[in-house]
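Trainee: Can we walk through this one together? I'd like to ask a few things as we look.

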Amino acid sequence: FSVLSNKMYEMYKGEVEGIKDKVDQLTDYDKELWNEVKMFWNKVQGQVRDRNLYRDHANTLRKITDSVFDVLKKLRKTLDDEFEKISKEGVNTFFGKLETIERKIDKGLGLQPIFNELKKIQNEFKDAKFTKGDRNKVWNRLDTAFKKVKEKRFGEGGQSNQSAASRL
């Protein structure tokens, strides 16, 4: 058991040190490396459960692996912060476009061109990168603008609620 544990410990320690070197060279978060560290840790956990590794060896490997995970978490947090910043900028852009369209709706300008502009904005929205909360905010505002156009176009009761058969 002792020989097996020492051999495994040396092998795993070499592997985790290699992973740690890769992580130290990173400038951006790498999901592949995260998955590699996760698989490594699951492998070590399996050996601990099978009682093939001394507890001290497992604790040492855990400390090294935890430090690698901490570095990766910091890199992911930086990436998430950048994504949120980009998302906020996207929200401001879309809200600016929607404000101009809402003013046009209130002025009563041509509804068909406004509707076409809304469809164009909706297509841009599908390709934009947002956080979940920002995506919901923009979608709700876009949906409200579509409803305003339909209300102005078809009136309060709205023919838009009729089925295709009743319109025919």
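Trainee: How far apart do the centres of the positive and negative side chains lie?

Mentor: Bear in mind that this is a predicted model, where local features need pLDDT of at least 70, side-chain atom pairs count only at pLDDT 80 or more, and totals for chains, interfaces and linings use all residues. Residues are numbered from 1 along each chain as its sequence is written, and side-chain values use heavy atoms, leaving out hydrogens and water. Lys and Arg count as positive, Asp and Glu as negative, with His and the chain ends not counted; each charge is placed at NZ of Lys, CZ of Arg, CG of Asp or CD of Glu. The chain has 36 positive and 28 negative side chains, and the two centres are separated by 5 Å.

Trainee: What does helix α3 reach from its first C-alpha to its last?

Mentor: Helices here are DSSP runs (H or I, at least four residues), numbered from the N terminus. α3 covers residues 55-107, which is 53 residues.

Trainee: Is Trp 34 buried or exposed?

Mentor: Trp 34 sits in helix α2 (residues 31-49). Beyond four places in sequence, its contacts (heavy atoms within 4.5 Å) are Tyr 29, Phe 69, Leu 72, Lys 73 and Arg 76. Buried means under 20% relative accessible area, exposed over 50%, partly exposed in between (1.4 Å probe, protein chains only). At 13% relative accessibility, Trp 34 is therefore buried.

Notes. Helices (H or I, at least four residues) and strands (E, at least two) are DSSP runs, numbered from the N terminus. The expected span of a helix is 1.5 Å times one less than its number of residues.
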